[in-house]
Amino acid sequence: MDIPEVAFVVLVRLPLKSIARFRSVCKEWKDLIDSDFFRDHFISRNSSSSISWSIIQMQPHKLTLEIVGHHGCKTWGLARSPGSFMSFFVEKAIKKLLVLACTDGLVLLYAEATDETPMYYVGNPFFQVWFRFPLPPFLSLGDLQRLRLHERFRDTGFVTKMQSGIVVSYKVVLLMPHGGTKVGFAIYSSDTGKWENRYVTCPLHHCWFSHRKSIALNRMLHWFSNINSSFMAYDFYEGNVDDGCRIISFPDSGKDDVLRRFRRTFTTSEGSIVYFNEYRENENLTLRVWRLVKYTDGPEEAWQLLWEVSLFSMIELLGIDYFPVVMHPLNSEIIYLWSRNKKGMILFNLRTLALCLHKENEDDSKCMDGCVLSFNRCSEFMEDICGYFFPGLYDDSNHLIFSQYVLPRWLHRLPRPPPT
């Protein structure tokens with residue numbers, strides 16, 4: 001039967017949660033919803049709408065993965081936060097579970113069975129679909145033991161390839177340090193269902209450390225360097241050995257490096273890497289936000305200054321006992337800061353200078369992007385890690401503390417490797 005035009009008009013106006021359910025009504029509706037025409041029309045209608053997302057903590061910790069959730073957004077229409085869909089079912093009883101990375105709505109997990117068998121899973125939490133992929137065949141018994149003790153591979157990377165808003169491929173990356181100006185990657189690809197080793201040149205003697213996490217964006221992974229003024233990036237879909245790793249200096253390396261208040265961290269917003277920090281000059285406090293526009297070592301060419309905003313009004317109202325968290329992943333005007341004395345999350349609009357304080361012990365409320373904001377033991381986690389942000393006399397190393405788990409703008413299933 002042909003789908004009436006009125007059915008199309010109604011379906012395309014529904015949130016993704018309802019559209020996913022209506023795919024099972026009949027074959028005709030499923031074919032319509034899965035069509036490129038329907039998908040493109042839906043994404044176009046909702047291109048400026050907020051979607052459900054979470055602020056996740058990236059440290060091995062007793063607390064939950066999601067510490068702040070955004071739900072009730074127009075695109076998805078979820079009545080609860082994305083983190084509540086993180087239930088996990090495996091064929092063996094497990095005693096350890098660690099979330100390694102979240103990218104484009106997919107999640108990478110490390111699990112350890114009660115018999116100490118290490119296991120890796122990639123999954124789509126919303127559809128409750130998980131795939132266990134094999135460990136690298138070249139791991140030694142010593143490697144497996146260090147894996148169980150979390151001495152290796154805690155910095156595992158996870159990167160995806162998107163086409164028309166749908167994940168069509170993913171790669172899991174293990175760091176295999178090689179020494180000198182080489183770095184080794186063990187890469188599992190959903191396209192082949194196999195592992196490969198790749199040794200890539202670095203322009204300088206750099207290394208990664210096992211307690212560091214990575215950020216995935218545009219088929220690339222980004223890690224902090226062992227040199228605190230820079231980070232490294234590599235394209236796992238287009239890059240090759242000759243291209244090597246890109247070394248990117250932070251925009252405040254040099255004079256402003258002395259004036260910055262917080263240790264460096266970086267996050268993502270509107271499809272770009274962003275970096276922000278507070279600076280004091282002549283008793284004036286400003287917040288500067290940069291966007292990475294070019295992968296080059298020269299900070300002047302690599303970064304674009306997006307915002308330079310006086311913090312006088314915010315500090316006058318909330319005090320100075322705060323530290324940076326993330327930027328809104330879909331709106332580079334909104335920055336998230338944690339206020340220790342107020343024990344709440346500050347949402348600061350850099351264009352309008354509007355402030356909004358949300359506290360964990362209050363009822364869920366709508367935030368600046370129209371989503372409902374909910375907390376999950378956020379205060380406890382913030383108190384536990386707050387000392388990291390203020391550089392000590394002898395320890396100015398960087399770690400990735402927060403990231404965003406953002407649901408996609410369209411339904412997509414978990415890519416499967418070819419059958420063996």
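Setting aside residues up to four places away in sequence, Thr286 touches Asn277, Glu278, Tyr279, Val309, Ser310 and Leu311, where contact means heavy atoms within 4.5 Å. Thr286 sits in strand 17, which covers residues 284-292; strands here are DSSP runs of E with at least two residues, helices are runs of H or I with at least four residues, and both are numbered from the N terminus. With a relative accessibility of 16%, Thr286 counts as buried. Buried means under 20% relative accessible area, exposed means over 50%, and partly exposed is in between, using a 1.4 Å probe and protein chains only.

A word on where this comes from: the model is predicted, so local features need pLDDT of at least 70 and side-chain atom pairs count only at pLDDT 80 or more, while totals for chains, interfaces and linings use all residues. Residues are numbered from 1 along each chain as its sequence is written, and side-chain values use heavy atoms, with hydrogens and water left out.

Now zoom out to the whole chain. Its secondary structure comes to 9 helices and 25 strands, and 53% of its 420 residues count as buried. Take the contacts between residues at least 6 apart in sequence: 53% of them join residues at least 24 apart. The accessible surface is about 18,400 Å², and carbon and sulfur atoms account for 51% of that; the areas come from the Shrake-Rupley method with a 1.4 Å probe, and for residues only the protein chains shown count as cover.

Next, pick out the open sheet made by 4 strands in the order 3-4-5-6, with antiparallel pairing. Two strands pair if DSSP finds at least two bridges between them. Strand 3 (94-103) and strand 6 (129-133) are the edges, each pairing on one side only. On average, neighbouring strands of this sheet are turned by 25° against each other, direction ignored; axes are lines fitted to C-alpha atoms, for helices over the stretch in contact, and angles run from 0 to 180 degrees between N-to-C directions. Inside the sheet, strand 4 (residues 106-113) pairs with strand 5 (residues 118-124) over 6 bridges, and Tyr110 stands opposite Tyr120 in strand 5.

The largest nonpolar core has 48 residues, and Ile19, Phe38, Trp76, Phe231, Ile273 and Trp303 have the most contacts inside it. Strand 4 gives the most to this core, with 4 residues. Such a core is a set of buried Ala, Val, Leu, Ile, Met, Phe, Trp, Tyr and Cys residues joined through side-chain atoms within 4.5 Å. Beyond its neighbours within four places in sequence, Ile273 has contacts that include Leu217, Phe231, Phe266, Trp290 and Trp303. A second, separate core of 44 residues includes Phe262, Ile335, Tyr336 and Phe375.

Strand 19 (residues 322-327) has 6 of its 6 residues buried, so it is largely enclosed by the rest of the structure. A hairpin of 6 residues joins strand 19 to strand 20.

Finish at Thr160, in strand 7 (residues 157-163). Thr160 is buried, at a relative accessible area of 4%. Its side chain makes a polar contact of 2.3 Å with that of Asp104; a polar contact is a pair of N or O atoms within 3.5 Å, where within protein one must be able to donate a hydrogen and the other to accept it, and residues adjacent in sequence count only if both atoms are side-chain atoms.
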